Amino acid sequence: MESSNGFRNFTQMKNLVFLILMTLFLQQCVQKKIDLTKQPTQQITMEDNTHTNNPYYSRTDRTKLNVSNEEWKKILSPEVYAIAREANTEYPFTGKYNEFDEVGEYYCAVCGNHLFRSSSKFASTCGWPSFFEADKEGVIYKRDQSHGMERIEVLCKRCESHLGHVFNDGPPPTGTRYCMNSVSLDFQRDKK
Ligand SMILES: [Zn+2]
């Protein structure tokens, strides 16, 4: 009798343990499910640079813009304005696209003009997002002798905002390194 009770208790205990484990497992699943549904919204907020108060922003219109800095100052965030319109440089290794390898397109953060495709981005150690090739319709170049250096500045072809500089120490196939400020860029992930 005793042993049979013992066996029954053992079975009950086993069932109880199983039940607890199942509950925990199910809770985890529910938790994961919630996380999964939350994730896209978080990512969208990170990527979604709402330009609702920027009437010049367009990812399709490539017509050249002629907007004064006075006007841009009213539209852009102080950070974007300082880098894109006053040619400041973000601190190395701080930019959101420095260590970033998502698949998609990069646009001008000021006007929405297309600048780079993620397939031309490479892991550079310089501390800024780097590309070996730019959209030919996206950028223009300007000689820059500031800070006692001889460099080539890269600007957005549509709004002439400062993007960064270009160097000839990049990887194949072009040997070019577009060293960009993350702040001047907007990323749009490819739709699956
Ligand atoms: Zn632009």
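Strands, as named in these legends, are DSSP runs of E of at least two residues, numbered from the N terminus. The model shown is predicted.

**View 1. The hairpin of β6 and β7.** Five residues separate β6 from β7 in this hairpin. Within the turn, Glu 160 has a positive phi of about 60 degrees. The two strands run antiparallel and are joined by four bridges, with β7 covering residues 162–167. Glu 153 lies opposite His 165 of β7.

**View 2. The pairing of β7 with β8.** Four bridges also link β7 to β8, again in antiparallel fashion. His 165 has Cys 179 of β8 as its bridge partner.

View 3. Six strands make up an open sheet, ordered β3-β4-β8-β7-β6-β5, with antiparallel pairing. Its edge strands, β3 (121–122) and β5 (139–144), each pair on one side only.

**View 4. The largest nonpolar core.** This core comprises 30 residues, and Cys 108, Val 110, Leu 115 and Cys 156 have the most contacts inside it. Two or more residues each come from α3 (78–85), β1 (104–108), β2 (114–117), β6 (151–156), β8 (177–180) and β9 (185–189).

**View 5. The surroundings of Cys 108.** Leaving aside neighbours within four places in sequence, Cys 108 is in contact with Asn 113, Leu 115, Cys 156, Arg 158, Cys 159, Ser 161, Ser 184 and Asp 186. Among these contacts, Leu 115 and Cys 156 are also listed with Cys 108 as residues with the most contacts inside the core.

How values were computed. Residues are numbered from 1 along each chain as its sequence is written. This is a predicted model: local features need pLDDT of at least 70, side-chain atom pairs count only at pLDDT 80 or more; totals for chains, interfaces and linings use all residues. Two strands pair if DSSP finds at least two bridges between them. A nonpolar core is a set of buried Ala, Val, Leu, Ile, Met, Phe, Trp, Tyr and Cys residues joined through C-beta atoms within 7 Å. A residue is buried if 20 or more other C-beta atoms lie within 10 Å of its own, exposed if 12 or fewer, and partly exposed in between; C-beta atoms are placed from the backbone. Two residues are in contact if their C-beta atoms, placed from the backbone, lie within 7 Å.
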